[in-house]
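Work through the exercises below with the model open. Each one has a task and a stepwise solution.

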Amino acid sequence: MVRLSGPAALKIAGRLLRRGALRSRRARLDVLLGTDGEPIDEVVCTSFPRPRSYTGEDVVEISCHGSPPVLRFAVERSCELGARIAEPGEFTRRAWRNGRMDLVQAEAVRDLIDATTLYQAQVASRQRSGALSGKLRACKRGVLELIARLEAGIDFAEDDVEVEDGTAISAAIDPLLAAVERLVDGFALGKVVRSGLRLAIVGRPNVGKSSLFNRMLERDRAIVSQIAGTTRDVISDTASFDGIPVELVDTAGIRASGDEIETAGIERTWQSLQDADFALVVVDLSTEECPDDLDLWRNVRSACPALLVGNKRDLPRRCESKEAMVEVSALTGEGIDGLRTRVRERALPGLEAMRDSSLVTNIRQEALLRRSKGALQRAAEAASAGIPHEMLLLDLYEALEPLDAITGATTIEQVLDEIFSTFCIGK
């Protein structure tokens, strides 16, 4: 598809096509013409007049058959007729500039493009449709209303506008603070939804780490051998756990070794643990319990959240460990679904409860929300302490500024409009 946006879009498209001018919001079959007037391709053209288009400008979309030379010709011919190549993100930037979306929705477009799982796409789509923006606007509107009430009490006291007391102000701040806190708290999960989880698989040699890695990926990615120490480097690949991208990391077996290469691999294993969000410590159920397994389990558990996994449950059991573990068979697949569920429950607590919620997934948004939360907390403390309204307003404006940066700036006219629409000044 070749997309044109701007005041000359319809004119340029008319010169590209045999049938000339386009009708608004109608898809039609047409012919893309060469510079000599000969047909190049049969295309479908659709026009979207401003302001009800993606960018808020006149937009034309020309769907070709996908041949690279044809598409290249359509783009080059459009440029000859007055268009230019769009810069990265320019269509969405124009949409934001023309009021077709706010910054949260614009950032969601990028997340939707980058999504690697269906759930990530669903979360981004909800943000793109304005679900998160609606919550942010409600917070912003609440802060604005409170600012307007305090400003009115200061500036129009002679017009019998009631001056708010500290109790009323605190009562107004509390729900705003709670709403912002919920959005901030949801970022812990939202960050994982957007960026994924890094899960390291560790254990002694020959306990079945690589087999478990392959089974959880549902394809053969790592070499599996009965020879201890086969894995000598870190191998990683990504799987989906209920829509959450999980980077699985297969590591070298941990043991005392005089082999220089194997020792280097073990060092990388410990480095991978430091970078991991979660770990699986694998032990062999078909062999007697080894003290090294328990030492490794304690060391890993102190470094990051972890689960103890007993592998080879398809073989006669000889391990009598009293430690709680998830039992699986990487060979047959038995217990793997249960392991995925336990990982999700431990690494992503609250996922099911918030799966249909509007999550903050962007670190820029989260940082700004934390600033707003801090300012609202200071405002609440000031109200309880009976601080003069002029000083309290500084905290409220400081709480409003980060919300502006997330969704778009508030002008002083909006504050004045809120004052005069709420209070009948001058009557």
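A crossing is left-handed if the near helix is turned anticlockwise from the far one by less than a right angle, and right-handed if clockwise. Keep in mind that this model is predicted.

**Exercise 1**

Task: Find how α14 and α15 are arranged, and in which hand α14 passes α15.

Solution: 
- Step 1. Locate helix α14 at residues 363-384 and helix α15 at residues 389-407.
- Step 2. Take the geometry: the two pack at an angle of about 165°, and their axes lie 8 Å apart.
- Step 3. Angles over 145 degrees count as roughly antiparallel, so α14 is roughly antiparallel to α15.
- Step 4. Apply the definition of handedness: the crossing of α14 past α15 is left-handed.
- Step 5. List the partners. From α14 come residues including Leu368, Leu369, Ala375 and Leu376, and they meet residues of α15, among them Leu392, Leu396, Ala399 and Leu403.
- Step 6. Sort the contact residues of α14 with α15 by class: 14 are nonpolar, two polar and six charged.

**Exercise 2**

Task: Decide how α9 and α12 are oriented, and which residues make their contact.

Solution: 
- Step 1. Find α12 at residues 336-347 and α9 at 209-217.
- Step 2. Their axes cross at roughly 85° and come within 11 Å.
- Step 3. The range 65 to 115 degrees counts as roughly perpendicular, so α9 is roughly perpendicular to α12.
- Step 4. Leu212, Arg215 and Met216 represent α9 in the contact, with Ile336, Leu339 and Arg340 on the α12 side.
- Step 5. By class, this contact of α9 with α12 has four nonpolar, no polar and two charged residues.

**Exercise 3**

Task: Describe the largest cavity and its lining.

Solution: 
- Step 1. Count: there is one cavity of 30 Å³ or more.
- Step 2. Size: the largest cavity holds about 60 Å³ of space.
- Step 3. Lining: Val283, Glu289, Asp293, Leu294, Trp297, Leu308, Cys319, Ser321 and Met325 surround the largest cavity.
- Step 4. Source: helix α11, residues 291-303, gives the largest share, three residues.
- Step 5. Class: six of the lining residues are nonpolar, one is polar and two are charged.

**Exercise 4**

Solution: 
- Step 1. Recall the background: most residues other than glycine have a negative phi, and most peptide bonds are trans.

Methods:
Residues are numbered from 1 along each chain as its sequence is written. This is a predicted model: local features need pLDDT of at least 70, side-chain atom pairs count only at pLDDT 80 or more; totals for chains, interfaces and linings use all residues. Side-chain values use heavy atoms; hydrogens and water are left out. On a 1 Å grid over the protein atoms alone, a cavity is a set of points where a 1.4 Å probe fits but cannot get out, and a pocket is an open set with protein on both sides within 12 Å along at least five of seven lines; lining residues have an atom within 4 Å of a point. Grid points are joined across faces, edges and corners, and a volume is the space filled by probe spheres set on the points. Helices (H or I, at least four residues) and strands (E, at least two) are DSSP runs, numbered from the N terminus. Ala, Val, Leu, Ile, Met, Phe, Trp, Tyr, Cys and Pro count as nonpolar, Asp, Glu, Lys and Arg as charged, and the others, Gly among them, as polar. Axes are lines fitted to C-alpha atoms, for helices over the stretch in contact, and angles run from 0 to 180 degrees between N-to-C directions. Angles under 35 degrees count as roughly parallel, over 145 as roughly antiparallel, 65 to 115 as roughly perpendicular and the rest as oblique. Contact means heavy atoms within 4.5 Å.
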